[in-house]
Amino acid sequence: MNTVFGVFGDPIAHSKSPDMHNAAFRELGMECTYHAFRVSPENLKDALLGAKAMGFGGVNLTVPLKQEALKIVDADPLAEGIGAVNTVDFKDGMVGYNTDGLGAKRSLEEKGVKIKNSNVLIVGAGGASRAIAFQFAKDGADITIANRTEEKAIELAAGVSEVGNAKGSGLGNLKQLIADNDILINCTTLGMHPKTEGTIATAEDMHPNLTVFDIVYNPLETTLLKEAKKAGAKAVTGEMMLVYQGAEAFKIWTGVEPPIDVMKKAVLEGF
């Protein structure tokens, strides 16, 4: 019998998760399929209950559902601390996890970027931002969270401060914040398909010793990363965060180690 998995979000048509997970299932000879479903926050509870009732193996959650899910599922301690869920498993009720932070960490480390003792500026204060901020603070980085709504950034930083060093800021002094940091991470949807012209910063805002990581992966090279290259900064694309967080979810659902290379190839084939 075929087991169904999926990703819920809105928008969702851009998602590469079905390509990635289905390639892994085929490689391993598993009778499983993975699909994308457009789900709004107000319908998330019904969608999760329906997926469980229909025998889904598990689901991923993306924008704008990660924080809303906390009200619905039983979150593990890490997801509870982060305040966001990106993976739900149905084996024992509805249990929520967060694999985003680990995905981001592995993406940077494979490019030779050290997180410990680095100064990291995260723009945005949504679910992915929360996960990365908690993970990197735990790993010894000094975190600054900048957000259009400054109060939201300050609130998030206060939570992150329970595990490491963090502060919140508005976006009014973004250029100075970039100058003061080693790593810039875009955790907003600015620059994501189809509105690809958007960017949180331009080349004149950056410096050559900066690493710029954009978690947006469609398009693969965002306007932000093009600007980073103009500035001589290191540009890190977002597809491996997708791959690594997906690999962690795959293991949670199936107990099987997925083929990372196959997953990466499936993601990149769409570009």
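Gln 245 is in contact with Asn 60, Asn 86, Thr 99, Asp 100 and Gly 103, leaving aside its neighbours within four places in sequence. The model is a predicted one. An open sheet of six strands runs in the order β9-β8-β7-β10-β11-β12, with parallel pairing. The largest nonpolar core has 30 residues, and another core, apart from it, has 20.

- Gln 245 belongs to helix α9, which covers residues 239–254.
- The relative accessible area of Gln 245 is 8%; this is under the 20% limit, so the residue counts as buried.
- An unreviewed UniProt entry places the feature "domain: SDH C-terminal" at residues 241–268.
- In the model, residues 241–268 are 82% helix and 0% strand, and the end C-alpha atoms of this span lie 13 Å apart.

**The six-stranded sheet**

- The strand order in this open sheet is β9-β8-β7-β10-β11-β12, and the pairing is parallel.
- Strands β9 (165–169) and β12 (234–236) each have a single partner strand, so they stand at the edges and one side of each is left without a neighbour in the sheet.
- From one strand to the next, the twist averages 20 degrees.
- Strands β8 and β9 pair in the parallel sense over five bridges; Asp 142 has Asn 165 in β9 as its bridge partner.
- Helix α4 (residues 100–109) packs on the sheet and touches β10, β11 (211–214) and β12. The direction of α4 makes about 140 degrees with that of β11.
- Helix α8 (residues 223–230) also packs on the sheet, where it touches β10, β11 and β12. Its direction makes about 170 degrees with that of β11.

**Strand β7 and its two partners**

- Strand β7 spans residues 119–123 and is mostly covered, with four of its five residues buried.
- Five bridges join β7 to strand β8 (residues 142–146), and the two run parallel. Val 123 has Ala 146 in β8 as its bridge partner.
- Helix α5 (residues 127–138) takes part with β7 and β8 in a right-handed β-α-β unit.
- Four bridges join β7 to strand β10 (residues 183–186), again with the strands parallel.
- Two residue pairs illustrate this pairing: Val 120 has Ile 183 in β10 as its bridge partner, and Ile 122 stands opposite Ile 185 in β10.

**Strand β10**

- Strands β10 and β11 pair in the parallel sense over four bridges; Leu 184 stands opposite Val 212 in β11.

**The nonpolar cores**

- Which residues have the most contacts inside the largest nonpolar core? They are Ile 132, Phe 136, Ile 143, Ile 145 and Ile 185, in a core of 30 residues.
- Two or more residues of this core come from each of α4, β7, α5, β8, α6 (150–160) and β10.
- Helix α5 gives the most to this core, with seven residues.
- Ile 145 touches residues that include Ile 122, Ala 133, Leu 156, Val 160 and Lys 167, not counting residues up to four places away in sequence.
- Also among the contacts of Ile 145 are Gly 124, Ala 125, Ser 129, Ala 153, Ala 157, Gly 168 and Ser 169.
- Another core, of 20 residues, lies apart from the largest one; Met 20, Cys 32, Tyr 34 and Met 263 are among its members.

**Gly 9**

- Gly 9 is placed in strand β1, residues 3–9.
- Is Gly 9 buried or exposed? Its relative accessible area is 0%, under the 20% limit, so Gly 9 is buried.
- Leaving aside neighbours within four places in sequence, Gly 9 is in contact with Phe 37, Arg 38, Val 39, Thr 62, Val 63 and Leu 65.
- Gly 9 and Leu 78 are 69 residues apart along the chain, and their C-alpha atoms are separated by 21 Å.

Key: Residues numbered from 1 in each chain as written. Predicted model: local features only at pLDDT ≥ 70, side-chain atom pairs only at ≥ 80, totals over all residues. Heavy atoms only, no water. Buried < 20%, exposed > 50% of the residue type's maximum accessible area, 1.4 Å probe, protein only. Pairing = 2+ DSSP bridges. Right-handed = clockwise from strand over helix to strand, strands pointing away. Axes fitted to C-alpha atoms, helices over the stretch in contact; angles between N-to-C directions. Contact = heavy atoms within 4.5 Å. UniProt positions renumbered as here; feature names shortened; annotations may be inferred. Core = buried A, V, L, I, M, F, W, Y, C linked by side-chain atoms within 4.5 Å.
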